[in-house]
Every structure is written in structure tokens, then in C-alpha cells.
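Here are my notes for you, written as numbered points. Please keep the model open beside them and look up each residue as you read.

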Amino acid sequence: MANKKPGVAFQDTPEQAAKLKEIIASHKDQKGALMPVLQQAQDVYGYLPIEVQTTIAEGLDIPLEEVYGVVTFYAQFSLYPKGQYKISVCLGTACYVKGSGDLYDRLQQILGIHGGECTPDGKFSLEACRCVGACGLAPVMMINEDVYGKIVPDDIKDILAKYA
């Protein structure tokens, strides 16, 4: 169950650890506490590494497997950190037909990571998404709130250079 992909190593500050303990304590005896605890923990850390899941499981006195099952079931939760620049490539039908799969492959190659991962320096994370509502600009890639349309794989290095 270890979630050790290449990327940023888990780092816990005393402030984060104290906040997590406070979150767990405030929900400890409530029915259905796991979801709100996970949501608030992700707000504190930005993601839910196995170390945080273990603390939650122990604090709520529930099996780690149950925590992990919920975290991996719901798309709102992430096992891995997000980069300073979150790259999303639309793999919806219009974008895919126009070559977004090639964009995604090139990004993985250039960044040296797979989808769902973050570069070791914490600068970029990469994910696929479905339809961003800009089908007329297909294929589309977003970096945080910036939208890039009608691009080809050879455009990627110049685009990434803007964020370096």
C-alpha cells in the first residue's frame, strides 16, 4: 500500500501535525467522521500521503485499509503532492482526436514523471482531465489557470520555459 512514486518526499511541520491532531480530535466521536477529516487533512497538507492516512486511522481508531480505500475511491483526494504549476491535459474526445495523447506523452517524457506525479523539485505536476469546455481550441493544455490551445508536442518546451 506504500505510495512511493518519484517526487517530493513527505515533510511534516509541527504546525501541520498539531492541526491534524486537532482535526481528528474535533471529529473523533462523530459518525461519518472520516470524510470531513480527510477533506480537512488534505487542506492542511495539499495531499494525503500514507503517513497522514496512518495518523488518521490511528486517531479515529479505524483500519488503515478503510482510510486508504476511501482516499483512493474519491477523485477529490490525492495521494501525491501537486506542483507549484499544475499541468492538466484534456483527454476528452475532441482534444484526443486532435492529438492531446501525444501532448501528454511528451510532457511525461520532458518532465520525467507520469500522470499524477510531481517533479522532484515540486515545480510541476501532471494530470489528465476530461473536457475543459474549450473544444474549439483542441487540443488543450492548462497550467494552473492558463489555457493553451491548438498546440503540438513541439510547443511544449517553449510553454514550460515560461514557468521555469
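1. Let's begin with a term: a residue is buried when its relative accessible area is under 20%, exposed when it is over 50%, and partly exposed in between (1.4 Å probe, protein chains only). Glycine 115 is partly exposed, at a relative accessible area of 22%. You will find glycine 115 in the loop between helix 6 and strand 2. Its C-alpha atom is 9.3 Å from that of aspartate 105, a residue 10 positions away along the chain.

2. A word on reading this model. It is a predicted model, in which local features need pLDDT of at least 70 and side-chain atom pairs count only at pLDDT 80 or more, while totals for chains, interfaces and linings use all residues. Residues are numbered from 1 along each chain as its sequence is written, and side-chain values use heavy atoms, with hydrogens and water left out.

3. Now the overall plan. The protein chain has seven helices and four strands; helices (H or I, at least four residues) and strands (E, at least two) are DSSP runs, numbered from the N terminus. Along the sequence their order is α-α-α-α-β-α-α-β-β-β-α. The C-alpha atoms fill a box of roughly 55 × 30 × 25 Å along the principal axes. Of the 164 residues in the protein chain, 43% are buried.

4. Which residues have the most contacts inside the largest nonpolar core? They are Leu38 and Ile56, in a core of 20 residues. Such a core is a set of buried Ala, Val, Leu, Ile, Met, Phe, Trp, Tyr and Cys residues joined through side-chain atoms within 4.5 Å. Helix 1 (14–27), helix 2 (34–45), helix 3 (50–60) and helix 4 (64–73) each supply at least two of its residues, and helix 2 gives the most, with five. In soluble globular proteins, nonpolar side chains tend to be buried together.

5. Leaving out residues up to four places away in sequence, isoleucine 56 touches Leu20, Ile24, Leu34, Val37, Leu38, Ala41 and Val67, where a contact means heavy atoms within 4.5 Å. There is also a second, separate core of 19 residues, which includes Val89, Leu91, Tyr104 and Leu107.

6. A polar atom of its side chain lies 2.8 Å from the backbone oxygen of leucine 48.

7. Why is strand 1 (residues 85–90) described as largely enclosed by the rest of the structure? The reason is that five of its six residues are buried. Strand 1 runs parallel to strand 2 (residues 124–129), joined by six bridges, and pairs with strand 3 (residues 140–143) in the antiparallel sense over three bridges; two strands pair if DSSP finds at least two bridges between them. Valine 89 has alanine 128 as its bridge partner in strand 2 and stands opposite methionine 141 in strand 3.

8. Last stop, helix 6 (residues 100–111). Its buried residues are Ser100, Gly101, Leu103, Tyr104, Leu107, Gln108 and Leu111. They fall within an arc of 160 degrees, so they line one face of helix 6. Their cover includes strand 1, helix 5 (93–97), strand 2, strand 3 and helix 7 (156–161). After helix 6 comes glycine 112, with a positive phi near 70 degrees.

Note on methods:
Polar contact = N/O pair within 3.5 Å; in protein donor to acceptor, adjacent residues only side chain to side chain. Expected span 1.5 Å × (residues − 1). Arc of directions from axis to C-beta.
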